[in-house]
Amino acid sequence: MKIILVGYGKMGKEIERIALERGHEIVGKATAHSPLCDELISDIDVAIDFSTPDSVISNINFLLSRNIPSVIGTTGWHDAYKAIENKVKNTNGALVHASNFSVGVNLFFKLNEQLARLMQPYTDYKAEISEIHHTEKKDAPSGTAITLAKGIIENNTTYTDWICPQSEKLSQRESNDPHPLPIEAIRKADVKGTHTLTYSSTIDTISIKHEAHNRKGFALGAVIAAEWIKNKKGIFTMKDVLDLS
Ligand SMILES: NC(=O)C1=CN([C@@H]2O[C@H](COP(=O)(O)OP(=O)(O)OC[C@H]3O[C@@H](n4cnc5c(N)ncnc54)[C@H](O)[C@@H]3O)[C@@H](O)[C@H]2O)C=CC1
Ligand SMILES: O=C(O)C1=N[C@H](C(=O)O)C[C@H](O)C1
(Lines give C-alpha, C1' and ligand atoms only; values in the text may rest on other atoms or scores of the structure.)
(Ligands and ions follow the chains in the order given, each with its own letter.)
Protein backbone atom coordinates (compact mmCIF):
# COMPACT_ATOMS: atom_id res chain seq x y z
CA MET A 1 0.00 0.00 0.00
CA LYS A 2 1.05 3.59 -0.58
CA ILE A 3 0.85 5.42 2.74
CA ILE A 4 1.09 9.07 3.74
CA LEU A 5 2.17 9.71 7.33
CA VAL A 6 0.44 12.74 8.81
CA GLY A 7 2.74 13.57 11.72
CA TYR A 8 6.32 12.33 11.70
CA GLY A 9 7.25 12.44 15.36
CA LYS A 10 7.74 9.57 17.83
CA MET A 11 4.81 7.57 16.42
CA GLY A 12 5.24 8.53 12.76
CA LYS A 13 8.81 7.18 12.80
CA GLU A 14 7.79 3.91 14.50
CA ILE A 15 4.93 3.44 12.01
CA GLU A 16 7.30 4.03 9.09
CA ARG A 17 9.59 1.26 10.36
CA ILE A 18 6.77 -1.26 10.72
CA ALA A 19 5.01 -0.29 7.47
CA LEU A 20 8.27 -0.83 5.51
CA GLU A 21 8.80 -4.19 7.28
CA ARG A 22 5.31 -5.24 6.14
CA GLY A 23 6.06 -4.34 2.52
CA HIS A 24 4.31 -0.96 2.29
CA GLU A 25 5.61 2.27 0.79
CA ILE A 26 5.74 5.64 2.57
CA VAL A 27 5.01 8.07 -0.25
CA GLY A 28 4.61 11.27 1.77
CA LYS A 29 5.00 12.87 5.18
CA ALA A 30 3.01 15.83 6.47
CA THR A 31 4.38 17.73 9.46
CA ALA A 32 3.90 21.07 11.21
CA HIS A 33 6.34 22.63 8.69
CA SER A 34 4.87 20.84 5.67
CA PRO A 35 1.12 20.38 6.31
CA LEU A 36 -1.27 18.26 4.22
CA CYS A 37 -1.79 19.56 0.68
CA ASP A 38 -2.93 18.16 -2.69
CA GLU A 39 0.62 17.49 -3.95
CA LEU A 40 1.32 15.21 -0.96
CA ILE A 41 -1.71 12.99 -1.62
CA SER A 42 -1.62 12.68 -5.41
CA ASP A 43 -0.92 8.90 -5.39
CA ILE A 44 -1.80 7.27 -2.05
CA ASP A 45 -4.03 4.45 -0.75
CA VAL A 46 -4.33 5.47 2.89
CA ALA A 47 -3.33 8.17 5.40
CA ILE A 48 -2.15 7.47 8.96
CA ASP A 49 -2.46 10.48 11.29
CA PHE A 50 -0.47 10.67 14.53
CA SER A 51 -0.14 14.45 14.73
CA THR A 52 -1.46 16.85 17.37
CA PRO A 53 -4.80 17.60 19.06
CA ASP A 54 -4.68 21.09 17.46
CA SER A 55 -4.20 19.90 13.88
CA VAL A 56 -6.10 16.59 13.73
CA ILE A 57 -9.58 17.98 12.97
CA SER A 58 -8.43 19.99 9.97
CA ASN A 59 -6.39 16.96 8.81
CA ILE A 60 -9.47 14.71 9.03
CA ASN A 61 -11.61 17.27 7.15
CA PHE A 62 -8.98 17.54 4.43
CA LEU A 63 -8.69 13.75 4.03
CA LEU A 64 -12.49 13.26 3.97
CA SER A 65 -12.88 15.99 1.36
CA ARG A 66 -10.36 14.11 -0.87
CA ASN A 67 -12.02 10.72 -0.19
CA ILE A 68 -8.87 9.19 1.33
CA PRO A 69 -9.27 6.25 3.76
CA SER A 70 -7.71 7.31 7.06
CA VAL A 71 -6.35 5.81 10.28
CA ILE A 72 -6.52 8.35 13.10
CA GLY A 73 -4.36 7.69 16.16
CA THR A 74 -4.11 11.27 17.39
CA THR A 75 -5.89 11.79 20.72
CA GLY A 76 -7.43 14.84 22.39
CA TRP A 77 -10.36 15.41 19.98
CA HIS A 78 -13.17 13.54 21.80
CA ASP A 79 -15.30 16.74 22.04
CA ALA A 80 -15.52 16.82 18.21
CA TYR A 81 -16.30 13.11 17.81
CA LYS A 82 -20.03 13.45 16.91
CA ALA A 83 -19.35 16.08 14.24
CA ILE A 84 -16.64 13.89 12.65
CA GLU A 85 -18.86 10.81 12.78
CA ASN A 86 -21.60 12.72 10.90
CA LYS A 87 -19.11 14.01 8.37
CA VAL A 88 -17.77 10.50 7.63
CA LYS A 89 -21.34 9.29 7.06
CA ASN A 90 -22.33 12.31 4.92
CA THR A 91 -19.24 12.06 2.72
CA ASN A 92 -19.40 8.22 2.48
CA GLY A 93 -15.85 8.26 3.84
CA ALA A 94 -13.67 5.60 5.47
CA LEU A 95 -12.03 6.25 8.82
CA VAL A 96 -10.73 4.05 11.62
CA HIS A 97 -9.81 5.72 14.90
CA ALA A 98 -8.65 4.46 18.29
CA SER A 99 -7.36 6.07 21.44
CA ASN A 100 -4.99 3.11 21.53
CA PHE A 101 -4.16 0.77 18.62
CA SER A 102 -2.29 -1.89 20.61
CA VAL A 103 -3.81 -5.36 20.84
CA GLY A 104 -2.96 -5.51 24.55
CA VAL A 105 -4.88 -2.34 25.39
CA ASN A 106 -7.87 -3.44 23.30
CA LEU A 107 -7.99 -6.69 25.35
CA PHE A 108 -7.64 -4.52 28.48
CA PHE A 109 -10.67 -2.46 27.30
CA LYS A 110 -12.76 -5.68 27.13
CA LEU A 111 -11.56 -6.73 30.59
CA ASN A 112 -12.49 -3.27 31.92
CA GLU A 113 -16.05 -3.55 30.53
CA GLN A 114 -16.53 -7.03 32.03
CA LEU A 115 -15.14 -5.91 35.40
CA ALA A 116 -17.45 -2.85 35.41
CA ARG A 117 -20.49 -5.16 35.00
CA LEU A 118 -19.20 -7.53 37.70
CA MET A 119 -18.69 -4.65 40.16
CA GLN A 120 -22.20 -3.17 39.66
CA PRO A 121 -23.77 -4.62 42.88
CA TYR A 122 -20.68 -3.94 45.03
CA THR A 123 -21.09 -0.22 45.61
CA ASP A 124 -18.64 -0.15 48.56
CA TYR A 125 -15.88 -0.25 45.96
CA LYS A 126 -14.95 3.08 44.35
CA ALA A 127 -13.39 3.05 40.89
CA GLU A 128 -10.42 5.22 39.91
CA ILE A 129 -8.24 5.43 36.79
CA SER A 130 -4.61 6.49 36.75
CA GLU A 131 -2.52 7.14 33.64
CA ILE A 132 1.21 7.91 33.36
CA HIS A 133 2.83 9.29 30.18
CA HIS A 134 6.02 11.05 29.04
CA THR A 135 6.29 14.79 29.69
CA GLU A 136 5.92 15.80 26.00
CA LYS A 137 2.32 14.55 25.88
CA LYS A 138 -0.02 17.43 24.93
CA ASP A 139 -3.40 16.11 26.13
CA ALA A 140 -4.61 15.10 29.58
CA PRO A 141 -6.19 12.79 30.43
CA SER A 142 -4.97 10.31 27.81
CA GLY A 143 -7.38 9.09 25.15
CA THR A 144 -6.96 5.57 26.55
CA ALA A 145 -8.02 6.73 30.03
CA ILE A 146 -11.13 8.37 28.53
CA THR A 147 -12.01 5.15 26.68
CA LEU A 148 -11.60 3.22 29.96
CA ALA A 149 -13.88 5.72 31.74
CA LYS A 150 -16.52 5.40 28.99
CA GLY A 151 -16.31 1.60 29.26
CA ILE A 152 -17.12 1.85 32.98
CA ILE A 153 -19.90 4.44 32.52
CA GLU A 154 -21.58 2.32 29.80
CA ASN A 155 -21.45 -0.85 31.92
CA ASN A 156 -21.98 0.30 35.52
CA THR A 157 -24.78 2.71 36.49
CA THR A 158 -22.88 3.95 39.59
CA TYR A 159 -20.98 6.32 37.26
CA THR A 160 -22.39 8.83 34.77
CA ASP A 161 -19.36 11.06 34.20
CA TRP A 162 -15.59 11.32 34.73
CA ILE A 163 -13.39 14.09 36.05
CA CYS A 164 -9.68 14.83 35.70
CA PRO A 165 -8.21 17.61 37.86
CA GLN A 166 -5.13 17.75 35.60
CA SER A 167 -7.20 18.39 32.45
CA GLU A 168 -6.53 21.72 30.80
CA LYS A 169 -10.19 21.91 29.76
CA LEU A 170 -12.19 23.52 32.57
CA SER A 171 -15.49 22.34 31.06
CA GLN A 172 -14.54 18.76 31.95
CA ARG A 173 -14.59 19.70 35.64
CA GLU A 174 -18.22 20.88 35.45
CA SER A 175 -20.14 17.72 36.08
CA ASN A 176 -23.71 17.11 37.29
CA ASP A 177 -22.55 13.82 38.77
CA PRO A 178 -21.79 14.43 42.49
CA HIS A 179 -19.33 11.49 42.44
CA PRO A 180 -17.74 11.40 39.00
CA LEU A 181 -15.16 8.73 38.18
CA PRO A 182 -11.74 10.27 38.93
CA ILE A 183 -8.91 10.09 36.39
CA GLU A 184 -5.41 10.99 37.58
CA ALA A 185 -2.98 12.09 34.82
CA ILE A 186 0.71 11.85 35.78
CA ARG A 187 3.63 12.99 33.56
CA LYS A 188 7.09 11.37 33.96
CA ALA A 189 10.08 11.38 31.62
CA ASP A 190 10.08 8.64 28.95
CA VAL A 191 7.01 6.66 30.11
CA LYS A 192 5.39 5.16 26.98
CA GLY A 193 1.93 4.69 28.53
CA THR A 194 0.74 3.05 31.76
CA HIS A 195 -2.94 2.73 32.69
CA THR A 196 -4.21 1.37 36.01
CA LEU A 197 -7.81 0.82 36.98
CA THR A 198 -8.54 0.37 40.68
CA TYR A 199 -11.65 -0.53 42.67
CA SER A 200 -11.03 0.23 46.36
CA SER A 201 -13.08 -0.35 49.49
CA THR A 202 -12.07 0.04 53.15
CA ILE A 203 -11.46 -3.73 53.14
CA ASP A 204 -9.38 -4.31 50.00
CA THR A 205 -8.34 -3.17 46.54
CA ILE A 206 -8.72 -4.78 43.10
CA SER A 207 -6.45 -3.44 40.31
CA ILE A 208 -5.80 -4.18 36.66
CA LYS A 209 -2.91 -2.53 34.82
CA HIS A 210 -1.55 -2.20 31.28
CA GLU A 211 2.01 -0.99 30.77
CA ALA A 212 3.46 -0.34 27.29
CA HIS A 213 7.18 -1.21 27.19
CA ASN A 214 7.68 0.59 23.85
CA ARG A 215 5.62 2.12 20.97
CA LYS A 216 5.71 -0.98 18.74
CA GLY A 217 2.23 -2.22 19.72
CA PHE A 218 0.59 1.14 18.92
CA ALA A 219 2.38 1.35 15.55
CA LEU A 220 1.75 -2.26 14.50
CA GLY A 221 -1.96 -1.86 15.33
CA ALA A 222 -2.15 1.32 13.24
CA VAL A 223 -0.57 -0.39 10.20
CA ILE A 224 -2.90 -3.40 10.57
CA ALA A 225 -5.84 -0.93 10.73
CA ALA A 226 -4.57 0.76 7.52
CA GLU A 227 -4.47 -2.61 5.72
CA TRP A 228 -8.01 -3.35 7.01
CA ILE A 229 -9.69 0.00 6.09
CA LYS A 230 -8.47 0.07 2.48
CA ASN A 231 -11.68 -1.06 0.75
CA LYS A 232 -14.23 -0.18 3.45
CA LYS A 233 -16.73 2.67 3.97
CA GLY A 234 -17.82 4.00 7.35
CA ILE A 235 -16.39 4.97 10.73
CA PHE A 236 -14.72 2.19 12.70
CA THR A 237 -12.54 1.60 15.70
CA MET A 238 -9.83 -0.94 16.57
CA LYS A 239 -12.55 -3.11 18.15
CA ASP A 240 -13.93 -3.64 14.61
CA VAL A 241 -10.49 -4.34 13.16
CA LEU A 242 -9.79 -6.99 15.84
CA ASP A 243 -13.42 -8.24 15.79
CA LEU A 244 -13.69 -7.75 19.57
CA SER A 245 -17.23 -6.24 19.57
N1 LIG B 1 -3.86 5.82 19.29
C2 LIG B 1 -2.68 5.35 19.72
O3 LIG B 1 -2.43 4.12 19.78
C4 LIG B 1 -1.61 6.31 20.09
C5 LIG B 1 -1.85 7.65 19.97
N6 LIG B 1 -0.86 8.56 20.20
C7 LIG B 1 -1.20 9.94 19.91
O8 LIG B 1 -0.59 10.30 18.67
C9 LIG B 1 -0.29 11.69 18.66
C10 LIG B 1 1.17 11.90 18.25
O11 LIG B 1 2.01 11.35 19.23
P12 LIG B 1 3.62 11.44 19.10
O13 LIG B 1 4.07 10.85 17.83
O14 LIG B 1 4.13 10.91 20.38
O15 LIG B 1 3.82 13.05 19.04
P16 LIG B 1 5.09 13.87 18.52
O17 LIG B 1 5.00 15.20 19.20
O18 LIG B 1 6.32 13.07 18.67
O19 LIG B 1 4.78 14.08 16.96
C20 LIG B 1 3.77 14.92 16.47
C21 LIG B 1 3.99 15.18 15.00
O22 LIG B 1 2.86 15.91 14.48
C23 LIG B 1 3.37 16.86 13.58
N24 LIG B 1 2.41 17.93 13.31
C25 LIG B 1 2.14 19.05 14.02
N26 LIG B 1 1.24 19.82 13.38
C27 LIG B 1 0.94 19.15 12.22
C28 LIG B 1 0.09 19.44 11.13
N29 LIG B 1 -0.64 20.56 11.07
N30 LIG B 1 0.02 18.53 10.12
C31 LIG B 1 0.75 17.41 10.15
N32 LIG B 1 1.58 17.08 11.16
C33 LIG B 1 1.67 17.96 12.19
C34 LIG B 1 4.67 17.35 14.19
O35 LIG B 1 5.47 18.00 13.21
C36 LIG B 1 5.24 16.00 14.65
O37 LIG B 1 5.93 15.39 13.58
C38 LIG B 1 -0.67 12.21 20.05
O39 LIG B 1 -1.97 12.75 19.98
C40 LIG B 1 -0.69 10.95 20.91
O41 LIG B 1 -1.55 11.05 22.02
C42 LIG B 1 0.39 8.19 20.58
C43 LIG B 1 0.68 6.86 20.76
C44 LIG B 1 -0.30 5.81 20.52
O1 LIG C 1 0.77 10.27 23.73
C2 LIG C 1 1.11 9.07 23.88
O3 LIG C 1 2.30 8.72 23.95
C4 LIG C 1 0.05 8.04 23.95
N5 LIG C 1 -1.18 8.43 23.70
C6 LIG C 1 -2.33 7.59 23.62
C7 LIG C 1 -3.38 8.06 24.62
O8 LIG C 1 -3.58 9.28 24.77
O9 LIG C 1 -4.05 7.22 25.22
C10 LIG C 1 -2.02 6.13 23.67
C11 LIG C 1 -0.79 5.73 24.45
O12 LIG C 1 -1.12 5.64 25.79
C13 LIG C 1 0.40 6.63 24.19
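Strand β1 (residues 2-6) is joined to β2 by 5 bridges, and the two strands run parallel. Strands here are DSSP runs of E of at least two residues, helices are runs of H or I of at least four residues, and both are numbered from the N terminus. Two strands are taken to pair if DSSP finds at least two bridges between them. Within this pairing, L5 has K29 of β2 as its bridge partner. The model is a predicted one, in which local features need pLDDT of at least 70 and side-chain atom pairs count only at pLDDT 80 or more, whereas totals for chains, interfaces and linings use all residues. Residues are numbered from 1 along each chain as its sequence is written, and chains are lettered from A and ligands numbered from 1 in the order in which they are written.

Strand β1 also pairs with β3 in the parallel sense, over 4 bridges. In that pairing, I3 stands opposite V46 of β3. Strand β3 (residues 46-49) is in turn joined to strand β4 (residues 70-72) by 3 bridges, again with a parallel run, and D49 has I72 of β4 as its bridge partner. These strands belong to an open sheet of 6 strands with the order β2-β1-β3-β4-β5-β11 and parallel pairing. Its edge strands, β2 (25-30) and β11 (234-237), each pair on one side only. Neighbouring strands of this sheet are turned by 20° against each other on average, direction ignored; the axes are lines fitted to C-alpha atoms, for helices over the stretch in contact, and angles run from 0 to 180 degrees between N-to-C directions.

In a regular strand, side chains alternate between the two faces of the sheet. Strand β3 is covered on both faces, with V46 and I48 buried on one side and A47 and D49 buried on the other. A residue is called buried if 20 or more other C-beta atoms, placed from the backbone, lie within 10 Å of its own, exposed if there are 12 or fewer, and partly exposed in between. Helix α3 (residues 81-90) lies largely in the open, because the number of buried residues among its 10 is 1. This helix is followed by N92, whose phi is positive, near 55°.

In UniProt, an unreviewed entry lists residues 1-101 as "domain: Dihydrodipicolinate reductase N-terminal". UniProt positions are given in the numbering used here, with shortened feature names, and annotations may be inferred rather than shown by experiment. The end C-alpha atoms of residues 1-101 lie 19 Å apart, and the span is 32% helix and 22% strand.

A second open sheet has 5 strands in the order β7-β8-β6-β9-β10, with mixed pairing. Its edge strands are β7 (162-163) and β10 (205-211), each of which pairs on one side only. Strands β9 and β10 run antiparallel and are joined by 7 bridges, and T194 stands opposite E211 of β10. Strand β9 (residues 194-200) contains L197, which counts as buried because it has 25 C-beta neighbours inside 10 Å. L197 is 147 residues from F50 in sequence, and their C-alpha atoms are 26 Å apart in space.

Two ligands were examined through the residues around them, a residue being near a molecule or strand if its C-beta atom, placed from the backbone, lies within 6 Å of it. Of the 27 residues around ligand 1, those that come nearest are G7, G9, M11, S55 and G73. Helix α1 (residues 10-21) gives the most to this shell, with 3 residues. By class, the shell around ligand 1 comprises 11 nonpolar, 14 polar and 2 charged residues. Ala, Val, Leu, Ile, Met, Phe, Trp, Tyr, Cys and Pro count as nonpolar, Asp, Glu, Lys and Arg as charged, and the others, Gly among them, as polar.

The residues around ligand 2 are T75, S99, N100, H133, K137, S142, G143, T144 and G193. This shell has no nonpolar residues, 8 polar and 1 charged. It draws at least three residues from each of domain 1 (2-101 + 216-241) and domain 2 (103-211), the bounds of which come from an automatic or database domain assignment. The UniProt annotation "active site", from an unreviewed entry, covers H133 and K137. H133 lies in strand β6 (residues 126-133) and is buried, because 23 other C-beta atoms lie within 10 Å. Under "binding site", UniProt lists H134, G143 and T144, likewise in an unreviewed entry. G143 has its place in helix α5 (residues 143-155) and is buried, with 20 other C-beta atoms within 10 Å.
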